[in-house]
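Here is a briefing on one protein chain. Look through the sequence and the model first, then read the points below.

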Amino acid sequence: ETVIIFSTIATWMSSIGLPDAVAGAFGGFGAYGVGAVELVAAVLLLLPATRRLGAVISLAVISGAIFFHAFTPLGTDRVIDQAGNTDGGALFYTAVAVWLASLAVIGLSARQEQSPLSARESASESASMTDVATAAAV
């Protein structure tokens, strides 16, 4: 299936005027490059300190996948074998789900980063109010 996907994209790349060397390289080795970046993103997502970076990389990669499904002959209901059978859109819908999940991780990690700061600010404000109340009582 991977060969069919990347060959279809490579053929499309040639048809829009990209040099055959570029299209051929993408068709032959693009899956390895994309897979390597996806693996890096997955590892980064597992580590709390790099979770947001992993989600951003994942969002970028999956945006590319959605682009190729939506705007090239690959299509949203892609062919999965030489007989012409399709996946019924499963890979496209999975890509959309990963895109949404990546966006959610980015949003949630932004909130978590802001949350400790807000807690510190609240504690600081509480301490200041306590100081004012103590000074007023004296």
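Among contacts in the chain between residues at least 6 apart in sequence, what percentage join residues at least 24 apart? The value is 52%, where contact means heavy atoms within 4.5 Å.

This is a predicted model, so local features need pLDDT of at least 70, side-chain atom pairs count only at pLDDT 80 or more, and totals for chains, interfaces and linings use all residues. Residues are numbered from 1 along each chain as its sequence is written, and side-chain values use heavy atoms, with hydrogens and water left out.

**Overall layout**

- The chain has four helices and zero strands. Helices (H or I, at least four residues) and strands (E, at least two) are DSSP runs, numbered from the N terminus.
- From the N terminus on, the order of elements is α-α-α-α.
- Of the 138 residues, 22% count as buried. Buried means under 20% relative accessible area, exposed over 50%, and partly exposed in between, with a 1.4 Å probe and protein chains only.

- H1 has 14 residues and spans 20 Å from first C-alpha to last. That is close to the expected 20 Å at 1.5 Å a residue; the expected span is 1.5 Å times one less than the number of residues.
- Buried residues in H1 are Ile4, Ile5, Phe6, Ile9, Ala10, Trp12 and Met13.
- The largest nonpolar core holds nine residues: Ile5, Phe6, Ile9, Ala10, Trp12, Met13, Ala23, Phe68 and Leu74. H1 (residues 2-15) gives the largest share of this core, six residues.
- A nonpolar core is a set of buried Ala, Val, Leu, Ile, Met, Phe, Trp, Tyr and Cys residues joined through side-chain atoms within 4.5 Å.
- Alanine 10 touches Ala23 and Gly27, leaving aside residues up to four places away in sequence.
- Glycine 17 follows H1 and has a positive phi, near 105°.

**Helix H3**

- H3 has 21 residues. Its reach is 30 Å from first C-alpha to last, close to the 30 Å expected at 1.5 Å a residue.
- Gly54, Ala55, Ser58, Leu59, Ile62, Ile66, Phe68 and His69 are the buried residues of H3.
- Serine 58 lies in H3 and is buried, with a relative accessible area of 13%. Not counting residues up to four places away in sequence, serine 58 touches Ala41, Val98 and Ser102.
- Histidine 69 is also found in H3, buried at 4% relative accessibility. Histidine 69 touches Leu74, Gly75, Thr76, Arg78, Leu91 and Phe92, with residues up to four places away in sequence not counted.
- Valine 56 has its place in H3 and is partly exposed, with a relative accessible area of 40%. Valine 56 and leucine 45 are eleven residues apart in sequence and 9.5 Å apart in space, C-alpha to C-alpha.

**Largest pocket**

- The largest pocket contains about 600 Å³ of space. Of its 27 lining residues, Val34, Glu38, Val61, Ile62 and Ala65 are the closest to its centre.
- H1, helix H2 (20-46), helix H3 (51-71) and helix H4 (90-137) each give two or more residues to the lining. H2 gives the largest share, eight residues.
- The lining divides into 19 nonpolar, seven polar and one charged residue. Ala, Val, Leu, Ile, Met, Phe, Trp, Tyr, Cys and Pro count as nonpolar, Asp, Glu, Lys and Arg as charged, and the others, Gly among them, as polar.
- A pocket is an open set of points on a 1 Å grid over the protein atoms alone, where a 1.4 Å probe fits, with protein on both sides within 12 Å along at least five of seven lines; lining residues have an atom within 4 Å of a point. Points are joined across faces, edges and corners, and a volume is the space filled by probe spheres set on them.
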